[in-house]
Amino acid sequence: MNTNAPDPRTALVLFSGGQDSTACLAWALDRYARVETLGFDYRQRHRIELDCRLVVRAQIAAQFPAWRARLGDDHLLDLALLAQLSDTALTSERAIELQANGLPNTFVPGRNLLFLTLAATVAYRRGASVLVGGMCETDYSGYPDCRDNTIKAQQIALSLGLDAPMTIETPLMFLTKAATWRLAQALGGDALVELTREHTHTCYLGERGQRHAWGHGCGQCPACTLRAQGHAQYLAERANLGAAC
Ligand code: ZN
């Protein structure tokens, strides 16, 4: 039984500890009175992501007092069953490759649909009526369940199925990676950009060691390449803006 009435001022952020979901967390903290976070342990090869989640939350709380007051509980769901549903580079030692259909073999069909459904269940229990996710149509990988229409359809299905309003906010849906860095800057200034560079994790291979201009990672995998290109573009645009002033 839901003991908390759904509250439109309370949001649950799907939070992986990566750059995108960190931007989403900041976006939510800027707008909602209470913000909780949800992660999924699906035995991902890069489990370092799960450690980064807690570090990013702690750093946000330490560096942004106004946001600390709004930051609520963290939840981690055990989704070991995803390993049974996939045989991809995320859960085995195979190399990351593009398949014939243009999707990387890290693709788990319908994964975001599963994540959002589970998130809605948690949100309902927690009295939240807003889900915030980093799904993005401009992402290189073109996951069909990241598309805006998919998300809108699921929002309707969840609201009907729960018989409670459930809004899915996707602030990154039409942003480029450079624009996501810009969003972080707009929300939390250079401090949030630096926090993102240092503490968030993106690399598919789970490498942290080397520090590049854009953060830590192997620098070679598709996720690192995308993050590096986005950061370089962000810096170039910033330099141009500075020159124009
Ligand atoms: Zn990498």
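**Figure 1. Strands β1 and β2 run side by side in parallel.** Strand β1 (residues 7-14) and strand β2 (residues 34-41) run parallel and are joined by five bridges. Strands, like helices, are DSSP runs numbered from the N terminus (strands: E, at least two residues; helices: H or I, at least four). Two strands count as paired if DSSP finds at least two bridges between them. V13 has T37 of β2 as its bridge partner. Seven of the eight residues of β2 are buried, where buried means under 20% relative accessible area, exposed over 50%, and partly exposed in between (1.4 Å probe, protein chains only). The model is predicted, so local features need pLDDT of at least 70 and side-chain atom pairs count only at pLDDT 80 or more, whereas totals for chains, interfaces and linings use all residues. Residues are numbered from 1 along each chain as its sequence is written, and side-chain values use heavy atoms, with hydrogens and water left out.

**Figure 2. Five strands form an open sheet with parallel pairing.** The strand order is β3-β2-β1-β4-β5. At the edges are β3 (71-78) and β5 (167-169), each of which pairs on one side only. Neighbouring strands of this sheet are turned by 30° against each other on average, direction ignored. Axes are lines fitted to C-alpha atoms, for helices over the stretch in contact, and angles run from 0 to 180 degrees between N-to-C directions. Strands of a sheet pair through backbone hydrogen bonds, either parallel or antiparallel.

**Figure 3. S129 is a buried residue of strand β4.** The relative accessibility of S129 is 5%. S129 and R9 are 120 residues apart in sequence, and their C-alpha atoms are 7.9 Å apart in space.

**Figure 4. Four cysteines coordinate the zinc ion.** The SG atoms of C203, C218, C221 and C224 coordinate the zinc ion at 2.3 to 2.4 Å. Donors are N, O and S atoms within 2.8 Å of the metal (3.2 Å for Na, K and Ca); water is not among the atoms, so sites may look incomplete. The angles among the four donor atoms are 106 to 117°, and the site is tetrahedral, a term that requires all angles of four donors to lie between 85 and 135 degrees. Along the chain, the donors follow the spacing C-x14-C-x2-C-x2-C.

**Figure 5. Several cysteines are buried, and the model has zero disulfides.** C203 is buried, with a relative accessible area of 0%. Also buried are C221 at 5%, C52 at 6% and C218 at 11%. The count of disulfides is zero, a disulfide being a pair of cysteine sulfur atoms within 2.5 Å.

Conventions:
Tetrahedral: all angles 85-135°; square planar, octahedral: opposite > 155°, others 65-115°.
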